[in-house]
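Q: Hey, I've just opened this one and I'm new to it. Could you walk me through it?

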Amino acid sequence: MMRRFVFVFFVVCSVSNQVFATGQPNILWIVVEDASPHLSCYGETTIKTPNLDRLAAEGVKFTNAFVTCPVCSPSRSAMVSGMFQTTLGAHAHRSQRVSGKWSAELNPYAKSYSLPKEIQLIPSLFREAGYFVANGGTGKTDYNFTTDSKLYDSKSWSDSPDGKPFFAQIHLRGGKFRQAKVDHPVDPNSVQLPPYYPDTEVIRKDWAKYLNSWIQVDNEVGKIVADLTKAGKLDSTAIFFWTDHGISHARGKQFLYDEGIHVPLIARLPKAEQAGTVRDDLVLHIDVAAASLRLAEIEIPDYVQGKPIFDENYRPRRQVFAARDRCDETVDIIRCVRTKKFKYIRNFLPHISHMQPNQYKDGKEILKEMRRLHGEKKLSKLQARIYAPRRHPEELYDLEEDPFETNNLLAGTMDEKRAYRDTANVMRLALYQWMVDSGDLGLIPEPILEELGREAGSKYAVRGPKKNSRLVWNLISTIEEKERGDQAGLLQGLNDDHPAVRWWAATGLGTMRLSKEKKQQVLNALSSSLKDPSAGVRIAAAEALCLQGETKAGLPVLTKELSSENRPAGMYAIRGLEIIGKKSKPALPEIRNAQKIPYDVTRRIADRLVFTLEQND
């Protein structure tokens, strides 16, 4: 094994130098939506993908490639910056728009959505280096921030002037296009489903349509390569092919299981250097940004967190990290660290279900089918797990023994827990240290980060290496106090200087089972927090009071905050009303008014809650 690695590393080094010697190559990114590595060169047997197989045969195939987030806009924000979305403050899905249905219309906080001047996106760096910059295919950007300047010169690399290298992106609909028309469509009876999904006609048909979309992608890639060949540019172009995240299914898109974050990655270098190489080192999609800059001999800025994976000094990652935060109207905070053998997942909001409501996913036939089967008690224990009202705070999987991530070793027998305690401790510490070192802004609740971003000028500016280091540890400590049942520690947290700590303390007290002797002390402290200067803390305290039975004090605050000019605060308020369920019935008139609020995610929850409350009349 060591000899093989040394050989591959030598080839990487020598080829990297050969590429540099040819001058600035063209760089082409082909990015596919909503698809996992179900292509034949990765072992899929139901379909054939000859064009992608050929691309891999003429290039480098990475078998352990991952994205930093399993949903579009944060993943693409990371892609186009070469940075973790959690570092940028771009981690909440479609949270930073100033126009369109996803925007906070007339939002006074909008200036915090811009990137700070010191951060240049990858297309801008290529343009400065003399490249023609294009964005083709569907032309999708879906970046989770605004920019002051035009990023792209054209929709096609073919518009590049003679003698000028190009940097181009081509975006393909991939798994989003379930109506792809192909010559030999997949027979639903031939598909192989993961064990965590029920084997029904609906699920099989959907999976077959998904595989058809891969056949369509293969045809599209074949045409792209043919066009490059016809133009005489194939051998002077570095092609990177990958997907923005995994398949859109219950455990895929939006979640940190491999179905959500494991992606194909193929790199065809100029002149087909390293043809047929297969690499199993752990890489991230942000590494493509760094590798592209290095291949073009453009200096990689210090803020880029990706690694130049073809560099002569490249050192393979021992582990990779990924994060999931709010997706549409669904608030969640999940982090993971993955090695080749183990994956550790940290659920920071374990008191909410994996399958909490989400309009986008709940409308899919596959999810309707699974809900129906769950209601009829026809799902296996494994398949029904995602519908449990709570989750384990920690998950640990042995990926060699359990590639489908079905057996959480930290929720098993006492012997299993003891056997894997050291592994869990090491991975937990590695994850926490990454959150600190990378300046992870995700533990700052969105309404509070909105306030802080407004003050600082951008969400990215909220992070400061030393200050943020202490903050992340303080937030983790507060979260763990709740999990230990440390009521005194949480009460102390309500008085912390930082509003994010106060938010987590209030949230923890709301979900804690309180003894009669100490309940009044908690209620009094939460009542005091209703006057907190931070809207986010006021909402958390009000929700906590309602969960502890004190709706008379909590409901008025939640209803008042619905119309907050801090739009994410209003979204958290309507979410709090949904969480307390029937107890929110007295606020039905205000909830109906929230259906008119110019913020799509707030309206989604309001529509759902109005329907639920009226159904219960």
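Q: Can we start with A322? What is its bridge partner in β10?

A: In β10, A322 has C336 as its bridge partner. Quick background: this is a predicted model, where local features need pLDDT of at least 70, side-chain atom pairs count only at pLDDT 80 or more, and totals for chains, interfaces and linings use all residues. Residues are numbered from 1 along each chain as its sequence is written, and side-chain values use heavy atoms, with hydrogens and water left out.

Q: And how many bridges pair β9 with β10?

A: Five, in the antiparallel sense, with β10 covering residues 334–338. Strands here are DSSP runs of E, at least two residues, and helices are runs of H or I, at least four, numbered from the N terminus. Two strands pair if DSSP finds at least two bridges between them.

Q: What order do the strands of that sheet have?

A: β9-β10-β11-β12, an open sheet of four strands with antiparallel pairing. β9 (320–324) and β12 (394–398) each have a single partner strand, so one side of each has no neighbour in the sheet.

Q: Which helix lies across it?

A: Helix α13, residues 421–437, lies across β9, β10, β11 and β12, at about 60 degrees to β11. Axes are lines fitted to C-alpha atoms, for helices over the stretch in contact (heavy atoms within 4.5 Å), and angles run from 0 to 180 degrees between N-to-C directions.

Q: Switching topic: is β4 mostly covered or open?

A: Mostly covered: seven of its seven residues (166–172) are buried, meaning under 20% relative accessible area with a 1.4 Å probe, protein chains only. F166, A168, I170 and L172 point one way, while F167, Q169 and H171 point the other way.

Q: What does β4 pair with?

A: β1 (residues 26–32) runs parallel to β4 and is joined to it by six bridges, with V31 opposite H171. β3 (residues 132–137) also pairs with β4 in the parallel sense, over six bridges, and there F132 has F166 as its bridge partner.

Q: How many residues are in the largest nonpolar core?

A: 144, and W29, F126, F240, I444 and L577 have the most contacts inside it. Such a core is a set of buried Ala, Val, Leu, Ile, Met, Phe, Trp, Tyr and Cys residues joined through side-chain atoms within 4.5 Å. Helix α19 (residues 535–547) gives the most to this core, with nine residues.

Q: What does I444 touch?

A: Leaving aside neighbours within four places in sequence, I444 is in contact with L449, L452, V462, L471, L475 and A500.

How values were computed:
Buried < 20%, exposed > 50% of the residue type's maximum accessible area, 1.4 Å probe, protein only.
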